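Here are my notes on the model, point by point. Have it open while you read.

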Amino acid sequence: CDGGHGDTAARVTARSFTMPAVAPTRHAHVVLRSPAPRARALARDTTRAASASHRRAPRTAALDVHSAESLGIDGGAYARELEVALDAVRMASTLCQEVQAQLMRMDEQAETKEDRSLVTLADYAAQAIISWRIAQEFPDMRLVGEEDSEALTEGGEGGAQTLGKVTALVNKTLKTHMGADAPELSTMDVVNAINKGQSSGGPSGKHWILDPVDGTLGFVRGDQYAIALALMDEGDLKVGVMGCPNMPKSGDVLEFETSYTYGFSPRLVSKMLAGDSLGWYKGCIFTAVRGHGAYMFPTDPSLKIDPLQVSVSDAFDPRKAKFTEPVMKANSSQGFTAAVATNLGIESKPLRIYSQVKYGSVARADADVFMKFPKAGYQEKIWDHAAGVILVEEAGGRVSDAGGAPLNFAGGRFIENLDRGIIAASSALHERLLDAVAKSWSSSQL
C-alpha cells in the first residue's frame, strides 16, 4: 500500500535487495519478519554512515546556513521569529545527529528520568542551544520547555560531568554554525539557558514552546525523533519549526507483519556506507507560519534545495489510505485506533512512528490520518504537539480532540480539557474521522 499517493509502490524484499526508484509521492517497502534486530541494524548502519561522511569531510568554517528569507519562505508579521526559530532548530539538529551517532556506537548511555522516560545529552544540549539562540534576539522571551537543569546541578559528580559534556557539545555546535564568531558559553550560561524553559505558559503574550528531543526512545534506538519548536502569541499558535533529522525525504517505509515504519532499503544503506553521494535522501525541516503555509527542506544546510510546500492528502481512498499512530502500546490504544480505521474503511496496516514526525507524515500526505488515544488520566503536554499541530493546520489539515474541539495550548504546560484523544486529518476528512471515532467509542462501551 502506498498511502494513497501514487498508483504504484516499488517493493523490495529482504532477499532481493533491489533498490527502488525514489520519488516523493511513492513509498519503497522492505518486508521484515522480525522487526527489532533488523530495524536496529539498519538504524546503526544509517547513523554510522552519516557519521563516517562527516569524518571524511570535516568542516572548519561556519556552515553556509540559509535564512528563511533567502529560502523564499514568507514569515509575514512573524518573519523575525521564523528566522530565529529556523536557525535554532538547525543548530539543534546538527547537535542531535552527532549525539545519536555516538549512541549508535555506544559511546554514551541514556539516563533515566523519574517518569521512566529516557533523557540524553541531546535533550539538555538542544534545549540550551535553542534557548540561548532565541534569547540573543528576544532577551525577555518566555519558554515552555521540557527540561530543567536539576539533574545536572544537583546530581553530584555525575551531574557535573554530564553538564561539562553538555557545555562542550553546545560550544562545538556553535562553532560549527558560527565559525570564528561563535561565543564560548560557560557551564553557568548553559544552566541558565536550560532553566529559561520553566515558564508556565498561559494565554497572554508570546510563549515559545519546545520539545528539544521529542521521541527520546526513538532517538536512543537510532529511529525517528524531532526537535519541535513553536511560538504561541495571545493563546494562538503562530510559528512552528520542526527538525526531523532521520525522516526520509521520499516517505520510504519498512513493512513489518503488523505495521509500517519509516526506513531505508538495504541497498541504500550499502551505498551510504560506501560513501556514495546520495543528495537529499533524509533529514527534513518543516516550517509553518499562520496564514502563510507549510514548507519542507533539507536538514543539511549544505544542500542547495528550494523549499517544497507541503499539503495534506487531497482525496481519501480507503483502499490506499494509511493512518499513523505512536509506536508504543503504552502511549496509545492501538486496538481502538484499529477499530476507528476499520470504521473508516482503511485496509492498510498502521504507520507507527516515534515523535511529532507523525504530524509531518500527515502534513506531507504520507499518511491521511493521525490518531492518539492515551490511557485515561494521562495529561498531554503542550510541547508534545504544538509544532506539529500548526504544521498540519498550515498544510491544510485539521487537528482536534476526539470530540472535535481544537487543542488548547494556552492553559499552561498541559493541554487542558482534552476529550479522550487527539486526531488529525485533512479538513475534508476530519468530520468523517470524528464520526468513525464516535461509532468505535460507542461499540467499545457495549
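1. Start with the pair H9 (residues 334–344) and H12 (residues 427–444): these helices pack at an angle of about 125°, axes 8 Å apart. That makes H9 oblique to H12, oblique being what is left once angles under 35 degrees (roughly parallel), over 145 (roughly antiparallel) and 65 to 115 (roughly perpendicular) are taken out. Axes are lines fitted to C-alpha atoms, for helices over the stretch in contact, with angles from 0 to 180 degrees between N-to-C directions. Helices (H or I, at least four residues) and strands (E, at least two) are DSSP runs numbered from the N terminus.

2. Before going on, the ground rules: this is a predicted model, where local features need pLDDT of at least 70 and side-chain atom pairs count only at pLDDT 80 or more, while totals for chains, interfaces and linings use all residues. Residues are numbered from 1 along each chain as its sequence is written, and side-chain values use heavy atoms, with hydrogens and water left out.

3. Now H3 and H5 (residues 156–178): their axes come within 9 Å and cross at roughly 50°. H3 is therefore oblique to H5. From H3, Leu121, Tyr124, Ala125, Ala128, Ile129 and Trp132 take part, meeting H5 residues that include Val166, Leu169 and Val170. The tally for H3 with H5 is eleven nonpolar, two polar and one charged residues.

4. Look at Met141 too, in the loop between helix H3 (121–137) and strand E5 (143–145). Is Met141 buried or exposed? Buried, with a relative accessible area of 11% (buried means under 20%, exposed over 50%, partly exposed in between, with a 1.4 Å probe and protein chains only). Leaving aside neighbours within four places in sequence, Met141 is in contact with Ser131, Ile134, Ala135, Lys196 and Trp208. The C-alpha atoms of Met141 and Ser131 are 9.0 Å apart, ten residues along the chain.

5. Last, H2 (residues 79–104) is mostly covered, with 19 of its 26 residues buried.

Key
Contact = heavy atoms within 4.5 Å. Nonpolar A, V, L, I, M, F, W, Y, C, P; charged D, E, K, R; others polar.
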